[in-house]
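Here is a short tour of one protein model, with a look at its strands, a helix and a few side-chain arrangements. Keep the view open as you read along.

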Amino acid sequence: MMTVEDIDFGEPPPPRRPLFRRKRVLIPLGVILAIIVGFLLLLTPDTDRDAMIAKYGGPNAAFVAGPAGQRIHYRDQGRADGPPIILIHGANASLHTWEPLVKRLGATYRIVTLDLPGHGLTGATPDTDYSAKGMMEAVDVVAARLGLDHFILGGNSMGGWVAWRYTLAQPARVDALLLIDAAGMPLRKGEKRPESNVGFRILEYPFGRWLATRVTPRMLVEQSLRGSVEKQEIIDDAMIDRYWELLRFPGNRPATVLRARMNREPAMAAHVGEIGAPTLILFGDRDRVINPTAAKTFNERIAGSEVVILPGIGHLPMEEAPDATAAAIADFLKRRLAPAPARPETR
């Protein structure tokens, strides 16, 4: 009979090494800790409201209160008795983007610019309405403050989208419409979405939107700017700092995320043909944020509209080519808004 002593159980297993067990625990913990530390180091706080107003608004910064609790930052510049132009900036920009045109057109026109809700020194609004309606109400608030019943209206990118939406909503108030690399038209048959810039691509994903409210490295802002323009020489440290600091103005980053999730009401593009105001469509042919072929779509849909394409220019013609942009606007307005000839006197 076989006894227990006769059974060969083989070699006993080697004892588990305490170091091995520790590594299995410590390595994942170390990775997690490194991620947490890295995240904390990258956390970017909001900028100080008063410091930003002093730096980017100056001693004469003007604000107007709106019925929904808005506090809209605006500038009223140029020739006080000239035909008024209201200009609307694009997403994550500010009224500063129009300063090159103010310098070139201000001798003839009264030029009003504003920071849209969730942008610039306006910051967040209590009603968190960053839709076309909310943006259009901001235009109305500023126009009412300045006593402007009608005006020329222009916009770049998202601001162009707001401008043509406003023109549809209140056609009697818009003497002429200026669409500068404007958003809102559908892709043409066979087209692909444009490359866009890294900032907008990040906002396409839920985790990216969550991260965007907490981590905003200056380098990312610079990359987004450089991805939007063709003329790289216009980007300097002061411009990068302005975009970076104003993006972190209290409330602007959460507003950016809310806009990214917003319904842009694409069906409204079908109504753009109802616009009767004289319309100038100006695009840079190297725009990588909005396909330049959108200019053709606008032109096909808006009767009597005119198109100017600037060669070698990206998404921000008013900053990349301010002379050419101002000249195109001045020529268009001179021709299309010329006063009717006086009738000869009859006796």
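## Strand β6 and its neighbours

Let's start with a pairing: I180 has L282 as its bridge partner in β7. This is a predicted model, and in it β6 and strand β7 (residues 279-284) run parallel, joined by four bridges.

Strand β5 (residues 151-157) is also parallel to β6, with seven bridges between them. Together with helix α5 (residues 158-169), β5 and β6 form a right-handed β-α-β unit. Strand β6 (residues 174-182) has eight of its nine residues buried, so the rest of the structure largely encloses it.

## An aromatic pair

The count of aromatic pairs comes to one. The ring centres of F151 and Y166 lie 5.9 Å apart with their planes at 45°, so this pair is tilted. It links distant parts of the chain, since F151 belongs to strand β5 and Y166 to helix α5, 15 residues apart. F151 is buried at 0% relative accessible area, and Y166 is buried too, at 1%.

## Helix α9

Now turn to helix α9 (residues 237-247): eight of its eleven residues are buried, so it is largely enclosed by the rest of the structure. Among the buried ones are M239, R242, W244 and E245. The buried residues of α9 pack against α2 (49-56), α8 (218-226), α10 (252-260) and α12 (317-320).

## Charges over rings

Elsewhere, the charged end of R71 sits over the ring of F63, at 4.1 Å from its centre.

Key:
Residues numbered from 1 in each chain as written. Predicted model: local features only at pLDDT ≥ 70, side-chain atom pairs only at ≥ 80, totals over all residues. Heavy atoms only, no water. Buried < 20%, exposed > 50% of the residue type's maximum accessible area, 1.4 Å probe, protein only. Helix = DSSP H or I, 4+ residues; strand = E, 2+ residues; numbered from the N terminus. Pairing = 2+ DSSP bridges. Right-handed = clockwise from strand over helix to strand, strands pointing away. Contact = heavy atoms within 4.5 Å. Phe/Tyr/Trp six-rings, centres within 6.5 Å; stacked < 30°, edge-to-face > 60°. Lys NZ or Arg CZ within 6 Å of the ring centre and 35° of its normal.
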